[in-house]
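Keep the viewer open as you read.

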Amino acid sequence: MANFETVVVETDLLILGGGMAACGAAVEAAYWAKQNGLKVTLVDKAAVDRSGAVAMGLSAINQYVGLRDGANTVQDYVNYVRNDLMGITREDLVANIARHVDSTVHLFEKWGLPIWTDENGAYVHEGRWQLMINGESYKVVVAEAAKNALLASGVGEIFERVFIVGPLMDGDRCAGAVGFSVRENKFYTFRAKATLVAMGGAVHVFKPRSSGEGMGRAWYPPWNSGSSAYFTIQAGAEMTCQEVRFIPVRFKDAYGPVGAWFLLFKSRATNSQGGDYMVERRPELENWAPYGRVKPVPANLRNYLGMLDIMAGKGPIYMRTEEALGKIADAYKDDEKAYKKKMRELESEAWEDFLDMTISQAILWAATNLQPEERSSEIAAAEPYFIGSHSGASGAWVSGPEDLQTPETKAEYFWGYGHMATVKGLFCAGDASGASSHKFSSGSHAEGRIAAKEAVKFILDHNTLPKTDAAAIEALKAQILKPLDVYEQHKAGTTDPEINPNYMKPRMFMFRLQKIMDEYAGGITAQFTTNEALLKRGLELLAFLKEDSENLAAADLHELMRCWENMHRMWQAEAHVRTVLFREETRWPGYYFRADKPKMDEEKWHVFANCKYDPEAGSWEMLTRPILHVFPQGG
Ligand SMILES: Cc1cc2nc3c(=O)[nH]c(=O)nc-3n(C[C@H](O)[C@H](O)[C@H](O)COP(=O)(O)OP(=O)(O)OC[C@H]3O[C@@H](n4cnc5c(N)ncnc54)[C@H](O)[C@@H]3O)c2cc1C
């Protein structure tokens with residue numbers, strides 16, 4: 001085995017990830033740790049300042065309920081989320097986050113995040129729930145607060161550039177995690193009384209639109225690779241909504257955000273013939289009632305109407321930037337100077353929107369001489385992603401808060417500690433926890449705070465370090481480092497280290513995974529369409545891929561990380577295919593379409609489709625869980 005030092009870290013609360021949810025967890029945990037004499041350890045595969053989906057910055061905070069102004073109620077937010085997810089949502093979880101999220105946003109502001117205000121000092125809204133920010137340093141601001149909370153108070157420690165591979169178990173209790181440094185030959189064993197998973201969602205499970213020279217350019221950050229899903233699946237946790245992938249429609253090729261265009265600038269999207277699919281195809285929404293009838297139209301249905309135009313040969317679809325900016329400036333048309341000033345202001349807002357969070361879109365505009373006030377830009381549906389905190393919903397099945405349960409929901413949705421998975425001592429937040437979409441950056445941070453507080457409660461009730469087995473850890477170490485050994489053993493077998501009959505490099509492995517998912521599970525080349533036969537064949541091919549994963553090879557630590565990222569993706573892929581197969585209906589056209597079950601079946605499938613892997617038996621169980629209401633339906 002490669003020569004690796006083993007580092008053992010013992011802690012009370014282990015936070016995995018350094019993104020929005022983990023930073024929220026760090027702030028909250030530090031407070032409670034200080035009160036109770038506990039230690040908190042945070043581990044990120046990257047550097048917390050610029051890790052996770054917010055790394056590049058954002059131009060809006062997408063969840064702000066506005067409770068203090070009486071602008072909305074928690075129930076309003078629940079209604080919005082329930083409808084957007086076509087009825088499949090855990091109201092208790094969504095409500096729990098919604099009632100706390102505003103305080104998180106106020107903390108961001110206190111820490112120095114510039115939130116736009118109008119002449120009366122009120123927040124500038126992009127839409128009903130979204131606030132405009134100068135957000136290029138959003139992640140740095142949030143990370144600084146987390147680091148200060150953990151390090152300055154002396155209760156915590158942070159490990160950066162340590163890649164977490166999987167869980168350590170003590171029977172049915174999570175006992176911590178194992179991983180390795182991506183910079184030094186060090187294998188890490190983290191032993192903890194409670195573990196909070198916040199390692200984001202997954203990209204590059206499906207073949208991306210951008211391949212070849214564009215490889216790596218995706219809507220979702222390339223470094224979130226399904227580690228949360230792998231961790232919770234391998235711990236034996238029940239998973240939910242694994243069929244719900246998210247397909248964002250974004251500016252084509254550079255994936256620039258569309259929120260500011262649709263919501264702030266009130267832009268339309270039209271096909272190449274000038275037709276507005278949201279108007280022309282409105283009758284189609286009736287087929288997806290009651291959800292199709294509600295405003296705003298669910299994201300997947302908006303996607304679907306545009307896709308119908310594409311499939312009818314009416315592409316490309318354009319964001320009508322020139323029309324939108326022109327309309328706003330029109331109010332000043334009688335005053336030439338004021339008109340010019342307004343146009344300049346709008347133009348700079350348009351560029352800033354991209355510079356705040358998707359710089360490559362601004363570069364693409366510049367490279368193609370595109371002036372948004374003069375010419376429309378193409379938009380397109382991206383490849384599928386797993387991001388339970390945004391408009392997807394996949395993640396672990398977690399306990400809700402006790403005080404929001406009705407007697408009926410309590411039996412199904414509550415098992416002791418809020419945001420704890422079905423495995424003892426294993427907590428989840430952000431993309432890692434499922435069935436509570438539309439948390440976004442602020443809600444993920446809020447959920448991290450809630451989950452950390454609950455994890456501390458768990459620790460105080462179970463204040464012993466779970467047992468770990470030295471032999472089992474040695475076996476895990478050998479398994480995790482194996483790709484380095486495989487490479488060393490066989491590298492001399494060929495002149496090109498990329499091609500060798502005895503091993504597969506992670507890049508090739510990823511291409512194979514992406515091809516399977518693209519062609520059999522409804523990726524872009526299949527127009528997001530699949531059926532039972534395709535899914536079953538996809539599962540067969542995934543089984544061969546899993547066999548071949550034994551022969552993954554890594555020339556260095558970076559490739560070792562790539563190997564494990566792809567293993568994580570493969571398990572996310574399997575959970576997805578199994579659940580799409582299990583749910584025998586089409587509920588989210590625009591995200592995926594089951595051609596053999598083309599309609600929504602409210603009677604049979606108005607339920608959660610859950611799955612659970614048994615690591616001992618190596619088998620999956622598929623099950624349904626009821627959808628129960630905490631708030632009156634439609635209220
Ligand atoms: C392109 C894009 C645009 C968005 N726009 C907005 C917006 O405008 N407004 C808004 O409010 N929200 C927006 N969101 C949503 C928001 O970014 C997410 O909801 C939020 O970041 C989720 O938080 P998280 O902690 O679950 O994941 P992340 O913030 O992504 O953090 C994941 C963390 O896990 C770490 N990690 C991953 N794997 C491992 C591993 N194996 N070992 C150790 N660490 C690991 C990563 O390094 C990272 O620190 C957007 C998201 C995307 C992708």
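Cys 174 counts as buried because its relative accessibility is 0%, where buried means under 20% relative accessible area, with a 1.4 Å probe and protein chains only. Cys 241, at 1% relative accessibility, is buried too. This is a predicted model, in which local features need pLDDT of at least 70 and side-chain atom pairs count only at pLDDT 80 or more, while totals for chains, interfaces and linings use all residues. Residues are numbered from 1 along each chain as its sequence is written, and side-chain values use heavy atoms, with hydrogens and water left out.

How many disulfides are there? Taking a disulfide as a pair of cysteine sulfur atoms within 2.5 Å, the count is zero. For Cys 174, the nearest cysteine sulfur belongs to Cys 428, 9.3 Å away. For Cys 241, that of Cys 611 is nearest, at 10 Å.

Now turn to the ligand. Around it sit 34 residues, of which Asp 44, Ser 51, Ala 60, Ser 389 and Ser 441 come nearest; a residue belongs here if one of its heavy atoms lies within 4 Å of the molecule. This shell divides into 17 nonpolar, 14 polar and three charged residues, with Gly counted as polar and Tyr and Cys as nonpolar.

A polar side-chain atom of Ser 51 lies 2.8 Å from a ligand oxygen, and a polar backbone atom of Ala 60 is 2.7 Å from a ligand nitrogen. Phe 440 brings a backbone N or O atom to 3.2 Å from an oxygen of the ligand.

Key:
Buried < 20%, exposed > 50% of the residue type's maximum accessible area, 1.4 Å probe, protein only. Polar contact = N/O pair within 3.5 Å; in protein donor to acceptor, adjacent residues only side chain to side chain.
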